[in-house]
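These are my notebook entries on a structure that is new to me.

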Amino acid sequence: MVDIRYIREHQNEIRKAITDKQMPEALESLTELLLVDEEFNLLRQDLETKQADRNANSKQIGELKRKGEDADALIHAMGKLSGEVKSLEEKARSLEERYNSLLLEIPNPAHESVPYGESEHDNVVAKEVGSKPQFDFDPRPHWEIAALHNWIDFERGVKTTGAGFPIYRGEAARLLRGIIQYSLNGLLDRDYIEHSIPLLVNADSAKATGQLPDKEGQMYTVSDGFYLIPTSELILTGMHRDEILDTNDLPLRYTAPSACFRREAGSYGAHVRGINRVHQFDKVEMVLFTKPEESYEALESMTATSEEMLEGLELPYRRLLMCTGDIGFTQAKKYDIEVWSGGQERWLEVSSCSNITDFQSRRLQTRFRDGGKQGSGKTELVHTLNGSAFGMVRVLAAIIENHQQEDGSVRIPTALQPFVGKESIGSKA
C-alpha cells in the first residue's frame, strides 16, 4: 500500500507511475481516491467539531442540573446535535470503507532504475551465463522423454484432480525431491531460516501481502474463508503482521519449501505443454525483512543466490530486468531468471526476485525499532523482498532436456547427485 501522504503530495508522479505500469484501471481508482480522501477529511473535521460541541453541551447540562437551573433548551439542542453526529459518523464509516478499498488498488511505483516498457517484450537482458547445450542427435522435449520412462502421468492427474495437476512417479519424483533438497540446503548454507508452513492462508494475510484484490482471480478459494497459497511468501511475510521487530535481528532471511497453487486462467497453446505451466507446483521461497537503506543491495544478493544454485545444476540461464509494464502490482523492482530449454529451444522462467519496499509492510504494519521491540526509539516500516530459489517443475524440465542423452537417459549434474543418489536416470530406450 502506498502512503496516502505521498499520494496527496505527489499526484503527478503517482499518475506517471501508474501509467508506466500500464494499469489504466488504477488511474480511475486514483482519481476517485483523491476525491474521497478530500471529502473524508472535510467530513471528519466537521464531525470532530460537532463531537466536541456535543461533549461541551453535555458537560454544561450537567452543571446546570447540579445548580438546579433549567436545562431544557440546551437538552433540546443536544438532541438535535446528537442526531447530526450520528448521521456524520455513519457517512464517515461508509467513506472510510471506500477510501480503504481504493487505496488498496494503487500499485507500488517502480524504482527509478526500472526501464520503461509496455509489455514483456520490453524487458532488458541484464546478463546471460552458460552455453546452450549442443546435441549430436535430435533433442526431445521433456514430455517425450518422460513418456519413454512413464515419469509423468498427465492422464491420471486429470482423472484424480483435473488438468494441470500431473502426477510425478519413479525417478522423476526422486529427481524432483532431490532438486528441492538441493535448493533448500543451498539457502540454509546462506543463513536462511527454514520453515514448514500451512498451505492455506486467510483473507487478511492475502490482502496484507498484496495478493488481494490484485490476484484474486488466480487464487483457489476453499471453504471457511481460506485460500490455497499461490506462494509461501504469503505465510512467511504475513507472520510478522502487526509486529515490531528488533533492528538487531535485521535482515531476517526466511525460506520454506511448499506446494503452490495457481489457476493460470487462459493459459493455452504449445508454450504450456508438458509441465511448463501447471496449477500445482513445488517451490522453495526466499523472503527477506530489511532496513529500507539495505533493500536494493539485498535484492542483488538474493538474485545472485538463485543464479549460483542454477550454475551448480549446470543450466544456462539469463537474468531479465523487468520493465515497468511487466513488473507487477506490488513490486518496485524485479528480476526474472530464465533457463534455456534444450528440447524446446526457448527460455523458461524459473525464478523471480523482487523488492516490495514498504508496500507490504504498510499493509502488514510490520515495523522495526532501534533498541529492541520495547525500546524508546521511533518505529519505521521494514522493507520486504521475496524470490524463488526455483520453481521446481520447470527446473526438472530443464534438467531433463539439457542433460538428456541419445539413449533417452538423463545425466544428473554433479552437485545434485548426492541428493538424487544416482549419476543418471532413465534406462536405455
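I looked up the contacts first, a contact being heavy atoms within 4.5 Å, and found that residues 24 or more positions apart account for 74% of those in the protein with a separation of 6 or more.

I noted that this is a predicted model, in which local features need pLDDT of at least 70 and side-chain atom pairs count only at pLDDT 80 or more, while totals for chains, interfaces and linings use all residues. Residues are numbered from 1 along each chain as its sequence is written, and side-chain values use heavy atoms, with hydrogens and water left out.

For the overall extent, I read that the C-alpha trace spans about 105 × 50 × 40 Å along its principal axes. I then turned to burial, where buried means under 20% relative accessible area with a 1.4 Å probe, protein chains only, and 50% of the 429 residues of the protein count as buried.

Last, I checked for disulfides, taken as pairs of cysteine sulfur atoms within 2.5 Å, and the structure holds zero. Cys260 is in no disulfide, and its nearest cysteine sulfur, that of Cys353, is 14 Å away; Cys260 counts as buried at 1% relative accessibility. Cys323 is likewise in no disulfide, with the sulfur of Cys353 as the nearest cysteine sulfur at 17 Å, and Cys323 is buried with a relative accessible area of 0%.
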